[in-house]
Amino acid sequence: MNKAREVLASFKARFGTGASVYRAPGRVNLIGEHTDYNEGFVLPSAIGFSCWVGIAPRKDRKLVLYSGNLGEGREADLDNLGNRGSGHWSDYPIGVAWALQAAGYRLKGADLYISGDVPLGAGLSSSAAIEVSTGYALLSAAGHAIDRTKLALLCQRAENEFVGMRCGIMDQFVSCHGRAGHVLMIDCRSLEYRLLRLPPQLRLVICNTMVKHKLQAGGEYNVRRAECEEAVRKLSAALPQIRSLRDVSSEGLAQNRNLLSDTLYRRCRHIITENKRVQDVAELFEQGKVDGLRELMAASHESMRDDYEISCRELDVMVEIAGRQRGVYGARMTGGGFGGCTINFVDAEHAAEFQARVSAEYETAIGLRPDIYICEASQGAEHPDVATDLTCEIDGVAVNNVGNYRTESPLFNVTVPANNLFGIDGCPCTFGPSLDEGFYLMLAPLSSGEHTLHFHGSQPADLPFLYPTRIVPPR
Ligand code: GLA
């Protein structure tokens, strides 16, 4: 059973109805750390670990959340979400609902089943995955079209203001825009991005140190961000045109070193040199080359260790061990820092050997067995096609696909030949404002037998035009 079907089955067991499913991935950043909130450049990929959300509308204005991972539920009232989290996992989905509504998207009450496989606290953005998957699900269930960049910005706002972690835009952006087989070169000022292919011989290998030293929301991360802001204020005395560290050159920094404490000077040096390294790595990938990659990755790690001071012993040891292995084209810590993972470029033919050796050597050195993942760059947030191989009849009309079916009548009967037909059975969903706007089905799993399907009103631009009194399968 694939993950989407598993989520549908768990949803049904929990809430007793069918649901629609949405997925959003975690990410790994290849290079460009802490540059995003300085309006610089980053080079992340979405990865195969994701958060999944099953959703079905409710008649009232409640969000009823259930975490499959924690086996724990929480309810929230859409008309009274507060504007600050409480340190609970539900801060993420509730914060997203808060940010969406604050931006003018009216949401509908819903049941949500949330389940993810992004390792928690490992620096692979389990938080962006839960935010984006819930945001996508809530917007879709309320009939709003998805603008991926807006969704990313609102998820970031939820994390900044509701959760209290002042993250940049990278994680949510790549979770929304990721593309299978590609890395994204993102300009975090303009939010323009280019899709680059990894040189074909490279594998992305992520090594999890299994430690996390700073667990509180934000913590040292927020301190780093505040230091960068302070440095910009101080440098502005001599460089009035700068808006962020993105605008400061190495020469500008050197000439105005006297305005900064040693700590602030080193923070700035990391950001300025890291931005240049991101551009250099992007250029290599554009040319399909790997020469110099190893040195750029090593310089990035050293800069984070010595200037930005966000590494830790376990990360340094992991990078050092990786650097000694065969077929390695570079290794560095990745993500916010203070524990979590390293990212390694490894020759495809040596990846398995790398995995085994690094695991053994790290365990000997640190006493913890690391998780090591050989990853693929994956697709961003999506509403997966749960099944495409079904045949059934709706009001006597044969349909042989699963998708959004439209009809003029708000209720009809369907004969289901087997398990796993998708549609909503007895689900208390609301109807569209008028028949002229048409209806489409929220799709969900049903057992075999006769079912009454309810239509959920909406008018997404991509649905086929409504033909009166006929069921129209998707194009
Ligand atoms: C965390 C944040 C990102 C980014 C990275 C560091 O993952 O969420 O916005 O700042 O740290 O590069």
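## A buried residue in a loop

A residue is called buried when its relative accessible area is under 20%. In this predicted model, Ile-310 has a relative accessibility of 0%, and therefore counts as buried. Ile-310 belongs to the loop that joins helix H9 (293–307) and helix H10 (313–323).

Which residues are in contact with Ile-310, once its neighbours within four places in sequence are left aside? They are His-34, Arg-224, Met-304, Leu-315, Met-333, Gly-336, Gly-337 and Phe-338. A further relation concerns Gly-335: 25 residues separate Ile-310 from Gly-335 in sequence, and their C-alpha atoms are 9.8 Å apart in space.

## The surroundings of the ligand

His-34, one of the contacts of Ile-310, is also among the residues that come nearest to the ligand. There are 13 residues around the ligand, and the nearest are Glu-33, His-34, Asp-36, Asp-171 and Tyr-221. Sorted by class, this shell contains four nonpolar, five polar and four charged residues.

In Glu-33, an N or O atom of the side chain is 2.7 Å from a ligand oxygen. In His-34, a backbone N or O atom is 2.7 Å from an oxygen atom of the ligand. For Gly-168, a backbone N or O atom lies 2.8 Å from an oxygen atom of the ligand. The ligand taken alone exposes 310 Å², of which the protein buries 95%.

## An enclosed helix

Asp-171, one of the residues nearest the ligand, is also one of the buried residues of helix H5. Helix H5 covers residues 170–177, and eight of its eight residues are buried, so the helix is largely enclosed by the rest of the structure. The buried residues are Met-170, Asp-171, Gln-172, Phe-173, Val-174, Ser-175, Cys-176 and His-177.

In soluble globular proteins, nonpolar side chains tend to be buried together. In this model the largest nonpolar core has 80 residues, and Leu-30, Leu-43 and Phe-285 have the most contacts inside it. Helix H3 (residues 126–141) supplies the largest share of this core, namely eight residues.

What does Leu-43 touch beyond its neighbours within four places in sequence? Leu-43 is in contact with Asn-29, Leu-30, Ile-31, Val-183, Leu-184, Met-185, Leu-196, Val-278, Val-281, Ala-282 and Phe-285. Another core, of 26 residues, lies apart from the largest one, and its members include Met-165, Leu-239, Cys-268 and Leu-315.

Key: Residues are numbered from 1 along each chain as its sequence is written. This is a predicted model: local features need pLDDT of at least 70, side-chain atom pairs count only at pLDDT 80 or more; totals for chains, interfaces and linings use all residues. Side-chain values use heavy atoms; hydrogens and water are left out. A residue is near a molecule or strand if one of its heavy atoms lies within 4 Å of it. A polar contact is a pair of N or O atoms within 3.5 Å; within protein, one must be able to donate a hydrogen and the other to accept it, and residues adjacent in sequence count only if both atoms are side-chain atoms. Accessible areas come from the Shrake-Rupley method with a 1.4 Å probe; for residues, only the protein chains shown count as cover. Ala, Val, Leu, Ile, Met, Phe, Trp, Tyr, Cys and Pro count as nonpolar, Asp, Glu, Lys and Arg as charged, and the others, Gly among them, as polar. A nonpolar core is a set of buried Ala, Val, Leu, Ile, Met, Phe, Trp, Tyr and Cys residues joined through side-chain atoms within 4.5 Å. Buried means under 20% relative accessible area, exposed over 50%, partly exposed in between (1.4 Å probe, protein chains only). Helices (H or I, at least four residues) and strands (E, at least two) are DSSP runs, numbered from the N terminus. Contact means heavy atoms within 4.5 Å.
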